[in-house]
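Here is a short briefing for a first look at this structure. Keep the 3D view open while you read.

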Amino acid sequence: MQKILIAALLLSATPVLAADQPSMARWRAQAARVSITRDAFGIAHVKGKSDADAVFGMIYAQAEDDFNRIETNFINAQGRLAEAEGESAIWRDLRMKLFIQPDALKADHARAPQWLKALMASWADALNFYLATHPQVKPRVITHFEPWMALAFSEGSIGGDIAGISLGQLEGFYGQKQVAFSDVETGRVRPEPLGSNGFAIAPSHSANGHALLLINPHTSFHFRSEAEVASDEGLATYGASTWGQFFTYQGFNRHVGWMHTTSGVDSVDEFAETIETRNGRLEYRYGNEWRPVTVTPIAILVRDVSGTLQTRVFTTYRTVHGPIVRSADGKWISVALMHKPLAALEQSFQRTKAIDLASFLKIAELKANSSNNTLFASTKGEIAYLHPQFVPVRDNRFDYQKPVDGADPATAWRGEHKLSELPQVINPKNGWVTNTNNWPWAAAGADSPRAADYPRYMDSAGENPRGPHAVRVLTATPKFNLDTLLEAAYDPYLTAFADLVPTLLTAYDRLPADAAQRAALAGPVAALRGWDFNAGEASVPTALAMFWGNALVGRFGAEAKRDDEPLVPWLVSKPTDADRLGALETAVAKLTIDFGNWNTPWGEINRFQRVSGALVQAFDDSKASLPIGLGSGQWGALASFGSAPGPGTKRWYGSYGNSFVSVVDFGPQVVARAISAGGENGDPTSPHFNDQAQRYRTHDFRHVPLTAEALAGQVTRRYRPGK
C-alpha cells in the first residue's frame, strides 16, 4: 500500500524571503491600529480597532512568546511533521492527512463568511509580519502562512477526535507489516487521565450573589498562551488560547465565562467493513448492494538524515463511513468522526463574544464541538453544564464502543441530535454544576440528568475518582467566594487512596503474628494507617501511596483494562492480600533505592522543573526544581500534577495537569485571578520564562488586571507590532 518516490528536494535552512513592499505596507498599516501592553508577568493585553486588528495583535504577541509552539501546532495540523522530524512522524502525518487536505481547506476558506475571512487573513499576516521583522527566527517548515491554514487547527482541544486513532495500528495496516503496539495502545498501561475540572457556582451559593466559575484545564504544561484581547467591535476576552489559535479557548469576557472538559460522549465510531475484489476493483457491502471503495493516494514529505526530502505515497481507502485506519479479525476498520473545520472555527470564535446563555446556545447550534463539555457562568447569574453539541443519532441497540457491522445500514449515523436532546443542566436548584471528565449524571447532584433518559452513547467515560471529590467539596461550602472556590479546587484529598489503602491495611492485619512481612512493613503500614489521605509536600504517606499505587497499576492495569472496568474499583476488589502487600514491598524497596529511605516526603520526590524552551523537557536531578505537593488526577486529585521519573532521573517531574487555572467572579465588574505553570514566555532568557513557578507551587494566584486602572500599575511595556 506504500510507494516510495525519491524527490531531489533539499531541506536546507531556507531563509524567510524578504516581504514584498505592498505586503509590508499593509502589515504596518494594520500594526498601527493595534497596541500591545505587557503586564508585570509578561502577559499581553491586546487592543485593536476591529476584531481583525485584535487578532493580528494577539497572534503577533503569541509569536513573540513562543513561535516554535505555534509553528509546531500547524505543522502537525497539516500533516507535515515528518518534514521537520523525519521517519518518526510519518504515521502521525498520514493520520492527519486522512482528514486534512489543503484543497478541501482552501474550498472551506472560499465559502467562509467575510468576517471570518478577515480574521484568517489577519492571522496569517501577523505570523508573516513577525517572521519578516524577526529574521533571526528560522521556521522549521512553514516559511509563509496562508489564511486557509487557520482551518487546519480550528477546535482547540489538546488532542482532538483524531488522536483516538492508533498510530501503531495505522502503521500496521498501511505499512503492511507487523507492528509492536505500545503499551498504551494495547491497554497494558493506563495513562494519566486526560481532561480537566470545571465548577460553576450560582448566585444562590455565592457569598456576594454573583455567579462564579472555576477554569481548571489539565493539559501538558505550557500548552496554551494567556492573554487579554479586545477591539472596538465588542471583542473583550481573557484566558488561554492554544498556541497559534486566534480565539480564547478557556476563559471569559465581560458577560460570560466558559470552561471545557474532555467529554466521555461517544462521537467517534468504528465500522467493520466487508470488502471483496469484484469486477477488478475493491468493493464493500452496504445492505444489499456493493459499492466501490474510494481509493486515494496521499503524499507525505519526509526528511531523511541528510536533510533531503523524500515523497512517500500511500494508497488509502475509504467507505461511506470514513477512512480505513486498521484491520481486525479479518475485517478492514473504518472510522467516522466529526470533520467540520469551518463550522468549528466559527463556533470557537463567536462564542467568545456571547453575552448570555441564550447567545452562547445560539452559537452552539453550529454543532461543531464534538469532544468538550462546557461549564458556563454569566453576569446574569446563569450557570450551566452543556454536553458536546455534535452527537450523531444512532440505533441504541448496537454497542458503539466496539466496531459495528458496516454492512448493516442500521448501524450508520442518522444525522445529529438536537441540542434539546442532549443531557444538560441549566440553573439547577442545588446551585452548582461540575464536570471532571466523568459522566453527566453527577453534574448537579440530585438535579443531574438521568442516564435512563438518554441513549447509552451519550457517555462512555463513567465515573472517575475526581467526580465524587468534586461533589464532596461543592456540598461542603454553602456560600463560595473566590478564595473558598480556590480552596475547593485545590482540596488535597485523594479519594482513590481513601478506597484503596484500607484494603492494604486489612491485608496487613490478617498476617500471622510471626510473618516476616509484618515486621518488614510495620513502619510503612503505620504511616499509612495514620494518614488522612491528603496530599502534601511534607507527607510521607503520600509518597508511599503513590509508589504503591504505581506498583499495583504495573501489575494489574492490563487486567483492569481487559475487564473493561475503571481502574480504582478494580484495584479495590480484585488483587489478593499477597498482591497488595507485595506491591507495598516493591514501593518500599524502590523508595529506599532511589532516595535512601522509604520515609521520604512527597515534595522531595515530586517536582516542578522548566529548564528549556523545548516542547518535551529534558529533566535533570542536578538542576534546580521546586517541590510540589499535588497528586495525580488518576488518584482523585482535583488539582492534578501528572509526574513521573524521566530518563536518568529518580525524582518525579510534572509535565501534565494544572496548567492555566483561573477563578472568575461575574459581578457587574468581572473579577478574576489566575496562574500558569512556569511562565508565559518560552525563551529561557526571558524574565517571564519561570516567574510564576513559585506562585504555582503555593497556589498564589495573580489578580488579573481587567481595567485600565488596574493594568496601569503593572505596565512593563506598551508598543505596536513590529516595534
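Helix α2 (residues 51-77) lies across the strands β2 (34-38), β3 (44-48), β6, β7 and β30. Its direction is at about 55° to β2. The model is a predicted one.

**The sheet**
- The strands belong to an open sheet of 10 strands with mixed pairing.
- Their order is β21-β19-β18-β9-β8-β7-β6-β3-β2-β30.
- The edge strands are β21 (425-426) and β30 (717-719), and each pairs on one side only.
- Strands β6 (residues 224-231) and β7 (residues 236-242) run antiparallel and are joined by seven bridges.
- Glutamate 226 has alanine 240 in β7 as its bridge partner.

**Two crossing helices**
- Helix α16 (residues 540-562) and helix α18 (residues 577-595) have axes that come within 8 Å.
- Those axes cross at roughly 120°, so α16 and α18 are oblique to each other.
- The crossing of α16 past α18 is right-handed.
- On the α16 side, the contact residues include Phe547, Trp548, Leu552 and Phe556.
- On the α18 side, they include Leu584, Val588, Leu591 and Phe595.
- By class, the contact of α16 with α18 has 13 nonpolar, two polar and four charged residues.

**A residue in α16**
- Threonine 542 sits in helix α16.
- Is threonine 542 buried or exposed? Its relative accessible area is 0%, under the 20% cut-off, so threonine 542 is buried.
- Leaving out residues up to four places away in sequence, threonine 542 touches Trp531, Asn534, Ala535, Gly536 and Trp602.

Methods
Residues numbered from 1 in each chain as written. Predicted model: local features only at pLDDT ≥ 70, side-chain atom pairs only at ≥ 80, totals over all residues. Heavy atoms only, no water. Axes fitted to C-alpha atoms, helices over the stretch in contact; angles between N-to-C directions. Helix = DSSP H or I, 4+ residues; strand = E, 2+ residues; numbered from the N terminus. Parallel < 35°, antiparallel > 145°, perpendicular 65-115°, else oblique. Left-handed = near helix turned anticlockwise from the far one by under 90°. Contact = heavy atoms within 4.5 Å. Nonpolar A, V, L, I, M, F, W, Y, C, P; charged D, E, K, R; others polar. Buried < 20%, exposed > 50% of the residue type's maximum accessible area, 1.4 Å probe, protein only. Pairing = 2+ DSSP bridges.
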